[in-house]
Amino acid sequence: MMSYVLIGLCAVIAVLLVSNIRIVPQSESFVIERLGAYSKTWPVGIHVKLPFIDRIANRVSLKERVLDFDPQPVITKDNVTMMIDTVVYFQITDSKLYTYGVENPMDALENLAATTLRNIIGELELDETLTSRDVINNKMRGILDEATDPWGIKVNRVEVKNIIPPEAIKEAMEKQMRAERERREAILIAEGKKQSAILVAEGQKQSAILAAEAQKEAAIKKAEGEAAAIKTVQEAKAAGIRMVKEAGADDAVIRLRSLEALEKVADGQSTKLILPSDLSTLAGIVSTLKEAAK
C-alpha cells in the first residue's frame with residue numbers, strides 16, 4: 001500500500017514540475033511574482049517556477065512597437081484649429097518598470113503624446129506648423145522619451161503623419177500657391193524675352209563688326225592692288241627705257257618712235273597738233289629728249 005502512495009506522490013511531483021517548466025522565447029521576458037511580490041525577471045531560456053508560490057505576472061515583448069494615434073484637434077498660436085495624427089515608435093527596455101510603473105501603459109503613452117502635441121503646436125503659427133515637421137518630431141520624441149523612462153519605455157522616434165488644416169485654410173493655400181506659380185511663370189517668360197533680346201542685339205553687333213571688318217579688308221586689298229598695278233606699270237616703263245638705251249637706238253629710230261607717238265595722240269577727237277615748220281627742229285627736240293634720257 002505504501003508503495004502505491006509513493007508512486008502516486010512521485011507522479012504528482014513530476015506532473016507539477018513538468019507543468020511549471022517555462023521556456024521564454026526570443027525577444028520576450030517574463031515578470032515573476034512570489035507570494036504576490038516581485039521576485040525576478042526571466043530572460044530567454046528554460047526556467048522552473050515553484051508551484052503555488054511563483055506566478056508569471058506579465059509577459060513582455062521586447063520588440064520595437066508602433067502606435068498609430070487617431071487625428072487630434074490642435075490649435076496653433078494664431079488660433080487655427082487643425083487635425084494632426086502621429087506615429088510613435090517605442091521599445092520596452094525594463095520589464096519590471098513596464099509592469100509596475102503605470103496602469104495601462106499604452107493609454108498613458110497615447111494621452112501623453114496628445115497633450116505634448118497640443119503644447120508644441122500651441123507655440124507655433126500655421127505656416128511654421130506646416131513647414132516644421134522635423135522640429136515637431138524631435139521635440140515630441142525628447143519629451144516622450146524623458147516622461148516614459150519611469151515606465152521602462154524607450155521612445156525611439158515620433159513622426160507627424162498627417163496635418164489636416166480647415167477647408168477655408170486649404171482653399172486660401174491653394175490660391176496662394178496658384179498665384180505663386182503664375183508669378184514664377186511670368187518671371188520666366190520675362191527672363192526668356194530679355195535673353196532673346198540680348199541675343200538678338202549681340203547678333204546684330206557681331207554682324208556689324210564683321211561687316212566693318214570685311215569692308216576694311218576689301219579697302220586694304222583694293223589699295224594694295226592699285227599700288228601693285230602702279231608699281232608694275234612704272235617698272236615696265238623703266239624696263240622699256242633701259243631696253244631702248246641698251247639697244248643703242250639712233251636718231252632715225254627715235255624720230256620714228258616720236259612720229260608713232262604723235263600719231264597716237266592725233267587719234268583723239270578735237271585734238272590739235274602744232275608741228276614746227278622745219279622738221280629738223282623736231283629732230284633737234286628729239287635729240288634733246290634723248291640726251292635727257294641718258
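The model is a predicted one, so local features need pLDDT of at least 70 and side-chain atom pairs count only at pLDDT 80 or more, while totals for chains, interfaces and linings use all residues. Residue numbers start from 1 along each chain as its sequence is written, and side-chain values use heavy atoms, with hydrogens and water left out.

First, the overall picture. The protein chain comes to 8 helices and 9 strands, taken as DSSP runs (helices H or I with at least four residues, strands E with at least two) and numbered from the N terminus. Of its 294 residues, 21% count as buried; buried means under 20% relative accessible area, exposed over 50%, and partly exposed in between, with a 1.4 Å probe and protein chains only. Contact means heavy atoms within 4.5 Å. Among contacts in the chain with a separation of 6 or more, 64% come from residues 24 or more positions apart.

Now for the rings. A pair of aromatic rings is described by the distance of the centres and the angle of the planes. Rings of Phe, Tyr and Trp (its six-membered ring) pair if their centres lie within 6.5 Å; planes under 30 degrees apart count as stacked, over 60 as edge-to-face and the rest as tilted. The structure holds 1 such aromatic pair. Tyr 38 and Tyr 100 have ring centres 6.0 Å apart and planes at 80 degrees, so the pair is edge-to-face. Because Tyr 38 lies in strand 3 (residues 37–42) and Tyr 100 in helix 2 (residues 95–100), the pair ties together parts that are 62 residues apart in sequence. Tyr 38 is partly exposed at 31% relative accessible area, and Tyr 100 is also partly exposed, at 38%.

On to helix packing. Helix 3 (residues 105–121) and helix 5 (residues 133–147) pack at about 135 degrees, with their axes 10 Å apart. Axes here are lines fitted to C-alpha atoms, for helices over the stretch in contact, and angles run from 0 to 180 degrees between N-to-C directions. That makes helix 3 oblique to helix 5: under 35 degrees counts as roughly parallel, over 145 as roughly antiparallel, 65 to 115 as roughly perpendicular and the rest as oblique. Residues meeting across the two helices include Leu 112, Thr 116 and Ile 120 in helix 3, and Ile 136, Met 140 and Ile 143 in helix 5. Helix 5 also carries Asn 137, which is buried with a relative accessible area of 7%. Leaving out residues up to four places away in sequence, Asn 137 touches Val 158, Glu 159 and Val 160.

Another buried spot is Ile 92, at 3% relative accessibility, in strand 8. Beyond neighbours within four places in sequence, the contacts of Ile 92 include Val 60, Leu 62, Arg 65 and Tyr 98.

Finally, a look at backbone angles. Ser 27 has phi near 65 degrees, a positive value in a residue other than glycine, and is found in the loop between strand 1 (21–24) and strand 2 (28–34). Asn 79, with phi near 60 degrees, is found in the loop between strand 7 (72–75) and strand 8 (81–92). Ser 27 is partly exposed at 24% relative accessible area, whereas Asn 79 counts as exposed at 67%.
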